[in-house]
Amino acid sequence: MSSNGFRPPAPIPLDPIEIAPDTFVLRSAQPAFGAPLSVNLNSLVIRGVEPVIVDTGPASNRERWLADLASLVDPADVRWIFLSHDDVDHTGNLHEALAMCPSATLVTNWASTERMGCEIAVPPHRLRWIDDGGSLDVGDRVLRAVRPPVYDSPTTRALFDPSTGVLWASDAFATPMPAEPVETVADLPPGMWPEGLAMFHHHALAPWLSMVDRTAFAGAVDRFRSLEPSVVAAAHTPIIDSGSVAAAMDHLASLPDVVPPPHPDQAALDAALAGSGATS
Ligand SMILES: [Fe+2]
Ligand SMILES: [Fe+2]
């Protein structure tokens, strides 16, 4: 609870899902305020020869996140913590993960380190910097860092595992779910996926989408598509399984010319407050 007495809604706990051999999405969902919606807050674990944690989830889900992690891998064995970018819903348990996994090296980049510098202190000997196009040998596979076409921090790098075809897209493909969370985008109600993608990307992730050079953006999406992922997981979307990957890339490519739903305004907040029964 904050010092003003307000307690935000607790995350909805969701069980981890294995999306490829020894590759697990650690999931939770945040209930939306004023709408019957929820939003995934996910991270990833690759349980290979040198286990990798990919992002560390939000602090609000710490107890469950740490328990889910420990249920999948011995923290003493974790060798790498890949941070896709420096936002709090990805760094929320970074301190705890570094403490819990004493053999782990934090894999990020210079810009991320700079931007986190006043908040998160990581000993330099526990850092590895990998930029866009770089790779990380984790013993039984070589992971690739790729800047996604859309992001809300300039430090953002997606992570691709060529051995399984799993693409961790960071914030790309962010989209809401119904209040009752679903496992995959194929489980979303008809029409909700494209509208949710437009809403989140234009208003909450990449408001410059309508201004981008269309040819350059198409090239960035094609670069993502050319990875030929077998499955896409990301922080704020249900799993994009193999049957939905092509559609996901098509939706992404179309975003610059998609008109999003209106940005919720004060009238929407007033309506949400009235509906919630909250008092001033
Ligand atoms: Fe972000
Ligand atoms: Fe995020």
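The structure is a predicted model, in which local features need pLDDT of at least 70, side-chain atom pairs count only at pLDDT 80 or more, and totals for chains, interfaces and linings use all residues. Residues are numbered from 1 along each chain as its sequence is written, and side-chain values use heavy atoms, with hydrogens and water left out.

**Iron site**

- Asp171 bridges the iron ion (ligand 1) and the iron ion (ligand 2), which are 3.5 Å apart.
- His85 and Asp87 are both buried, meaning under 20% relative accessible area (1.4 Å probe, protein chains only).

**Helices H6 and H7**

- Helix H6 (residues 214-225) packs against helix H7 (residues 245-254) at an angle of about 165°, and their axes are 10 Å apart.
- H6 and H7 are therefore roughly antiparallel, a term for angles over 145 degrees.
- Phe217, Val221, Phe224 and Arg225 of H6 make the contact with Ala246, Met249, Asp250, Leu252 and Ala253 of H7, where contact means heavy atoms within 4.5 Å.

**Helices H5 and H7**

- Helix H5 (residues 192-205) and H7 pack at an angle of about 45°, with axes 11 Å apart.
- In H5, Trp193, Pro194, Leu197 and His201 meet Ala247, Ala248, His251 and Leu252 of H7.

Technical notes. Chains are lettered from A and ligands numbered from 1 in the order in which they are written. Donors are N, O and S atoms within 2.8 Å of the metal (3.2 Å for Na, K and Ca); water is not among the atoms, so sites may look incomplete. Buried means under 20% relative accessible area, exposed over 50%, partly exposed in between (1.4 Å probe, protein chains only). Axes are lines fitted to C-alpha atoms, for helices over the stretch in contact, and angles run from 0 to 180 degrees between N-to-C directions. Helices (H or I, at least four residues) and strands (E, at least two) are DSSP runs, numbered from the N terminus. Angles under 35 degrees count as roughly parallel, over 145 as roughly antiparallel, 65 to 115 as roughly perpendicular and the rest as oblique.
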